[in-house]
Amino acid sequence: MKGIVFREFIDMVEASFGDEMVDTIISSCDLESGGAYSAVGTYDHTELVQMVVALSGQTGVEVPTLVEAFGTYLFGRFLELFPVFFNHSTSFEFLDSIHDVVHVEVLKLYPDAGLPSFNSSVSADKKTLHFEYHSSRHFADLAVGLMKGAFAHWKEDVDIAIEDRTSGEVQVVMFTCTLNE
Amino acid sequence: MDIFELAKQAKKNKGAADDDPTAVIARLERKLEREKKARLTAERTIEESSRRLYLANQALDESNNQLESTVLELNDTMSKLTSAEVKRQATTATLVVALVLFIISEFAIEPELEKSIENTLLLQISKIGIFSLLIPFEIIASRVIESGLTESGEINRMMYRKLLESAYDDGIITDMERNILNSSAAQYGLSPQKASDLESEVKRALGIDPVEQDLLNGDEEE
C-alpha cells in the first residue's frame with residue numbers, strides 16, 4: 001500500500017488523538033517499517049490494520065468506525081492534495097470516474113500500486129449509483145468513509161445500502177447509493 | 001462519525017495525557033527517529049527513481065540516434081532511386097532520338113545519296129559523314145532532356161516539400177527533424193534561401209502561425 005495512506009493515517013491520529021497516541025500505538029505494534037513512513041514508499045497494508053486495531057484498543061472505538069472515519073478524513077486530504085481529480089458536478093459522477101480515470105492516473109505514476117477495483121454504474125435518472133468494491137485488502141469500510149466524504153463535499157444527502165458478496169479471498173461488497181432530494 | 005469527535009469522546013473516557021517531561025522527551029526522540037528513517041527511505045526511493053530515469057533517458061537518446069541515421073540512410077536511398085529514375089527516363093528519350101535520327105538518315109537521306117552518287121567508296125564516306133554529323137545532334141538532344149528533368153529541380157523540391165509536411169505534422173520541428181531537413185536540403189541541391197522559402201510555404205499551407213513557431217523555438221533554446 002502506498003506510503004501516503006500511512007502518512008495520512010499517522011497525521012490524522014496525531015491531529016485528533018495527539019502525538020502520545022501515535023507513539024503508543026506504534027510502540028505496541030510489531031511493524032516491519034518501525035512506523036517510519038514516507039509518502040513515496042510502499043508498505044505492507046497489514047501494518048495499517050495492526051495500527052487501526054491498536055488505536056481501537058487504546059480508544060475503545062470499534063475498528064470499522066475508525067476505518068470509516070479515516071476514509072472520510074482521507075477524502076478531504078485527497079481533495080486538498082489532488083484537486084484536479086475532483087472537478088465533477090456530482091459525487092456520483094466522481095465515484096463513477098474512479099476506476100477508469102483516477103486509478104489509471106495512479107497506475108501511470110505507480111505501476112506497482114495494488115488498487116482495489118470498482119464496477120460502477122449510474123442509473124438513467126442519476127439518482128442511484130451501484131458501486132461494487134473488489135479488494136484483497138478488505139478495506140470496504142475505508143471505501144464507505146471515502147464515499148461519505150464525497151457526499152459531504154458535494155453537499156448531497158445519500159443513503160448507502162451495503163451488501164457483502166464476498167465468497168473467496170477477495171472481499172466483494174456492493175454499495176447501492178440512493179440520492180435523497 | 002468525524003474522527004475529531006471520536007477523539008473527543010475517547011479522551012473524556014480516558015483522562016489526562018502523560019505530561020512528565022522525561023516521557024515527553026523520550027516520545028519526541030522516538031518520533032524524531034521515525035521521521036529520520038522515513039526521510040532516508042524517501043531519499044533512497046528518489047535516488048533510485050532518478051537513476052532509472054537517467055538510464056531510460058540514455059536508452060531513448062541512443063534509439064533516437066539510431067532512428068536519425070536510419071532516416072538519413074533512407075533519404076539517401078530515396079534520392080539515389082530518384083536520380084536513377086531520371087537517368088532511366090533520359091536514356092529512353094536518348095534512344096528515341098537516336099532511332100528517329102537513324103530512320104531519317106536510313107530512309108530519307110541515304111536513298112537520295114545512293115541515287116546521286118555512283119562511286120561506292122564515295123557513297124560509304126558520305127554515309128559515315130552524315131552519321132557523324134548526327135552524333136552531336138543526339139548528344140545535344142539527350143543533354144537537353146536530362147537537364148530538363150533534373151535542373152528544374154521540380155522532383156527535388158517536391159521531395160523536400162513532402163519531408164517538410166511530415167516534419168510539421170505535429171506542429172513543431174524537433175532537433176532531429178531539423179538535422180534531417182538541413183542535410184536533405186543540401187542533398188537535393190536546394191539553397192538555404194530556397195529551403196526556407198519552401199518551409200514558409202508549407203507552414204502557410206498547414207496554417208502554422210510563424211510567430212508561435214518562433215516562440216517555440218525560443219523556448220527550446222533556453
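A residue counts as buried if 20 or more other C-beta atoms lie within 10 Å of its own, and by that criterion buried residues make up 7% of the 222 residues in chain B. The model described here is predicted.

**Chain B**
- The secondary structure of chain B consists of seven helices and zero strands, which gives the pattern α-α-α-α-α-α-α when read along the sequence.
- Among the contacts in chain B between residues at least 6 apart in sequence, 78% join residues at least 24 apart.

**Helix packing in chain A**
- Helix 1 (residues 3–17) of chain A packs with helix 4 (residues 63–81) of chain A at an angle of about 110°, and their axes are 10 Å apart; because angles of 65 to 115 degrees count as roughly perpendicular, these two helices are roughly perpendicular to each other.
- To this contact helix 1 of chain A brings A:Glu8, A:Phe9 and A:Met12, while helix 4 of chain A brings A:Phe70, A:Tyr73, A:Leu74 and A:Arg77; the residues divide into five nonpolar, no polar and two charged.

**Nonpolar cores**
- The largest nonpolar core has 46 residues, of which A:Phe9, A:Val13, A:Phe70, A:Ala143 and A:Met147 touch the most other members.
- Helix 6 (residues 140–153) of chain A supplies the largest share of this core, eight residues, and at least three residues come from each of domain 1 (3–61) and domain 2 (86–180) of chain A.
- Leaving aside residues up to four places away in sequence, A:Ala143 touches A:Gly71 and A:Tyr133.
- A second, separate core of five residues includes B:Tyr160, B:Leu164, B:Ala185 and B:Tyr188.

Terms used
Residues numbered from 1 in each chain as written. Chains lettered and ligands numbered in written order. Predicted model: local features only at pLDDT ≥ 70, side-chain atom pairs only at ≥ 80, totals over all residues. Axes fitted to C-alpha atoms, helices over the stretch in contact; angles between N-to-C directions. Helix = DSSP H or I, 4+ residues; strand = E, 2+ residues; numbered from the N terminus. Parallel < 35°, antiparallel > 145°, perpendicular 65-115°, else oblique. Contact = placed C-beta atoms within 7 Å. Nonpolar A, V, L, I, M, F, W, Y, C, P; charged D, E, K, R; others polar. Core = buried A, V, L, I, M, F, W, Y, C linked by C-beta atoms within 7 Å. Buried ≥ 20, exposed ≤ 12 C-beta atoms within 10 Å, placed from the backbone. Domains from an automatic or database assignment.
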